[in-house]
Each structure stands twice: as C-alpha cells, then as structure tokens.
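Colleague: I would like to learn how to read a structure, one feature at a time. Please give me the general idea and then the case here.

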Amino acid sequence: MIRHFVHLRFRSDVTNVEKKLLYSELSKLSGHIDGILDFKYYCNISVETPLVHNFLDMFWFDFRDKSVRDIYLNDNIHKEIGKRIVEKLDGGLNGIFVCDIEL
C-alpha cells in the first residue's frame, strides 16, 4: 500500500469553507479511481512552529499499490482539482509538499 501525503500552505485569505469544498472534491476520487482505499484531511496542530513553515493543512490518500497512485497522478479530474488548490496556496507550487511512503 502507498500512502500519499500532501502538506499545504494556503494563503491567509482562503477560508475553511473553501478548503472543505476542495477536500470534498478530492474525496470523490475514491469512487472515480478503483484502488483508492482511504482519504483523510487534517489541520497541523504541531507546536514546533519554526519547523512547520506554515504548512498548516494536510491530506492523504491510501492507494492499493503504486499503479493506482500513478493512475491518480495522471487523472484529469485530480489534475483539475490540484490546479485549483495550487491557485489558493501561498507561493503556488512552493506552498505544497508531497511525500509517498510504502506501508
């Protein structure tokens, strides 16, 4: 299984409602792409403020395997949602950090 972490640094003018709408759209990918096992999103509550670098939001997908992750990465609906997320980040692409681990 692959866990695909995405850490986000949203601009300060992006509301929680806007974030939840984006997360809701991402969650629907589970019904669109076979092999997505789970989707979660959370707020970063770390007290290590200097180390957080304002990455205060995160989500992850669990994929059955690397092939499902690769389908997700190339999926047009994912790309469209991702584009809208990046438009709301502080620094655009510099406001996103991705990490995949194998479980």
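Colleague: Where is Asn54 found?

Modeller: Asn54 is in the loop between α3 and β3. These names come from DSSP runs, numbered from the N terminus: a helix is H or I with at least four residues, and a strand is E with at least two. This is a predicted model, in which local features need pLDDT of at least 70 and side-chain atom pairs count only at pLDDT 80 or more, while totals for chains, interfaces and linings use all residues. Residues are numbered from 1 along each chain as its sequence is written, and side-chain values use heavy atoms, with hydrogens and water left out.

Colleague: What is the phi of Asn54?

Modeller: Its phi is near 65°, a positive value in a residue other than glycine. His53 is found in that loop between α3 (49-52) and β3 too. The phi of His53 is also positive, at about 55°, although His53 is not a glycine.

Colleague: How is exposure read, and is His53 buried or exposed?

Modeller: Exposure is read from relative accessible area: under 20% is buried, over 50% is exposed, and partly exposed lies in between (1.4 Å probe, protein chains only). His53 has 52%, so it is exposed. Asn54 has 47%, so it is partly exposed.

Colleague: Now the sheet. In what order do the strands lie?

Modeller: Strands of a sheet pair through backbone hydrogen bonds, either parallel or antiparallel. Two strands count as paired if DSSP finds at least two bridges between them. Here four strands form an open sheet, ordered β2-β3-β1-β4, with antiparallel pairing. At the edges are β2 (36-43) and β4 (96-102), each of which pairs on one side only. From one strand to the next the twist averages 15°.

Colleague: How many bridges join β2 to β3?

Modeller: There are seven bridges between β2 and strand β3 (residues 57-63), and the two run antiparallel. Lys40 stands opposite Trp60 in β3. On the sheet packs helix α4 (residues 66-74), which touches β1 (2-8), β2, β3 and β4, and whose direction makes about 130° with that of β3. Touching, or contact, means heavy atoms within 4.5 Å.

Colleague: Is Trp60 buried or exposed?

Modeller: Trp60, which is found in strand β3, has 15% relative accessibility and so counts as buried. Leaving out residues up to four places away in sequence, Trp60 touches Arg3, His4, Phe5, Asp38, Phe39, Lys40 and Tyr42. Asp38 shows how sequence and space are read separately: Trp60 and Asp38 are 22 residues apart in sequence, and 8.0 Å apart in space from C-alpha to C-alpha.

Colleague: How many residues of β1 are buried?

Modeller: Six of the seven residues of β1 are buried, so this strand is mostly covered. β1 pairs with β3 in the antiparallel sense over seven bridges, and Ile2 has Phe63 as its bridge partner in β3. With β4, β1 again pairs in the antiparallel sense over seven bridges, and there Arg3 has Ile101 as its bridge partner.

Colleague: How do I read two helices together, and at what angle do α1 and α5 cross?

Modeller: Under 35 degrees is roughly parallel, over 145 roughly antiparallel, 65 to 115 roughly perpendicular, and the rest oblique. The axes of α1 (residues 16-27) and α5 (residues 76-87) come within 10 Å and cross at roughly 160°, so these helices are roughly antiparallel to each other. Their contact brings Leu22, Glu25 and Leu26 of α1 against Ile81, Arg84 and Ile85 of α5.

Colleague: Which helix relation counts as oblique?

Modeller: That of α4 and α5. Their axes come within 5 Å and cross at roughly 60°. Tyr72, Leu73 and Asn74 in α4 meet Asn76, His78 and Lys79 in α5.

Colleague: Which contacts does His78 make?

Modeller: Apart from neighbours within four places in sequence, His78 is in contact with Leu29, Tyr72 and Leu73. His78 lies in helix α5, and with 14% relative accessibility it counts as buried.

Notes. Axes are lines fitted to C-alpha atoms, for helices over the stretch in contact, and angles run from 0 to 180 degrees between N-to-C directions.
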